[in-house]
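Here are a few exercises to work through with the model open beside you. Try each one before you read its solution.

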Amino acid sequence: MNHFTSRRSLCALLLAAGAAPGAMAADAGAYPTRPVRLIVPFAAGGTTDIVARAIAPRMAEALGQPLVVDNKGGGGGAIGAHEAARAQPDGYTLGVATVSTTATNPAINPRLPYNPLTDFTPITNIAATPNVLAVHPGFKAQSFAAFVDEVKKNPGKHAYGTAGTGSIGHMLMELMSSRSGLSLTHVPYRGSGPALNDAVAGQVPIVFDNLPSALPFIKAGRLTALAVAAPERLAQLPQVPTFKELGLEPVNRSAFYGIYGPKGLSPEIVARLHAAAQRALASPEVRRQIEDTGSRVIGNRPEEFAREIAAENALYRKIATERRIVAD
């Protein structure tokens with residue numbers, strides 16, 4: 001993506017974050033007067049679901065109405081994201097924004113029914129989350145070096161699972177494979193939960209996932225972590241190297257989990273939702289729930305989240321073009 005396109009994309013997101021004065025919206029003074037729906041674009045049990053359910057109860061307290069988590073998985077997050085994008089801009093339907101739905105999936109799939117840079121109103125980034133490459137304990141290779149050796153000896157033989165085609169796990173695994181000269185078969189699921197279930201059962205011996213959803217299985221010895229995509233080694237897994245340490249710095253990228261609504265949300269409703277998210281993230285209990293997964297609490301402003309989305313979108317489009325990664 002060239003410089004002009006990046007600036008144009010950022011401007012579109014910033015305009016969405018500000019919202020049009022004439023947009024359809026509830027009376028900001030009364031909002032909300034009924035439950036608010038929060039669409040999680042992946043199946044239950046994955047990191048997106050974990051983060052959403054950690055923040056939802058305290059946000060509901062701040063809003064004075066229930067915040068109902070609704071899992072709508074499929075299409076690498078595209079089904080749930082599209083449902084959030086086409087909702088009425090009245091503040092009663094929101095979505096959890098992820099790198100998969102705003103950057104990696106759009107980067108490889110031009111046929112998506114939504115534009116991640118113009119069809120949403122960013123509200124806040126909740127958390128930044130490491131990613132992890134893990135294998136079943138019965139897999140022949142139990143270290144990254146042994147993994148590379150095993151896969152190179154048997155090109156195309158081994159399969160790996162992810163949260164779906166175009167998910168951040170899919171994109172980073174393809175990038176890692178390209179940089180390491182590996183040939184693996186991708187098995188997409190409707191979210192991290194189903195992918196992890198099959199990895200733990202040994203149906204698919206390799207998984208590339210967000211750390212929060214995979215960590216319980218790693219701690220229980222049901223999966224073996226080989227490498228993490230994180231700024232530094234994690235306190236939860238001090239023995240596991242980062243991809244940067246392994247000479248694969250481009251793979252060393254975190255995921256994000258934020259909240260957005262459809263385009264056209266009024267500034268007043270955006271402010272109300274942002275304040276509720278900030279209040280929730282100020283809770284020691286919520287922060288502990290998020291940080292115990294290895295994630296970092298963010299809680300930035302709408303315009304900052306808009307810039308973050310634009311930057312990740314531009315980056316993954318560049319990677320997809322350079323590596324010729326396309327949707328299946």
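Helices (H or I, at least four residues) and strands (E, at least two) are DSSP runs, numbered from the N terminus. This is a predicted model, in which local features need pLDDT of at least 70 and side-chain atom pairs count only at pLDDT 80 or more, while totals for chains, interfaces and linings use all residues. Residues are numbered from 1 along each chain as its sequence is written, and side-chain values use heavy atoms, with hydrogens and water left out.

**Exercise 1.** Find where Pro32 sits, and say what kind of peptide bond joins Tyr31 to Pro32.

- Step 1: Pro32 lies in the loop between α1 (3–18) and β1 (36–40).
- Step 2: Tyr31 and Pro32 are joined by a cis peptide bond, with omega about -10 degrees.
- Step 3: For background, most peptide bonds are trans.

**Exercise 2.** Work out which residues of α5 are buried and what covers them.

- Step 4: Zoom in on Val148, which counts as buried because its relative accessibility is 14%. Val148 and Ser177 are 29 residues apart in sequence, yet 9.2 Å apart in space, C-alpha to C-alpha.

**Exercise 3.** Decide how α7 and α8 are oriented, and which residues make their contact.

- Step 1: Take the axes, which are lines fitted to C-alpha atoms, for helices over the stretch in contact, with angles running from 0 to 180 degrees between N-to-C directions. Those of α7 (residues 192–201) and α8 (residues 211–219) come within 10 Å and cross at roughly 20 degrees.
- Step 2: So α7 and α8 are roughly parallel (angles under 35 degrees; over 145 is roughly antiparallel, 65 to 115 roughly perpendicular, the rest oblique).
- Step 3: The contact (heavy atoms within 4.5 Å) pairs Ser192, Leu196 and Val200 of α7 with Ser213, Ala214 and Phe217 of α8.

Methods:
Buried < 20%, exposed > 50% of the residue type's maximum accessible area, 1.4 Å probe, protein only.
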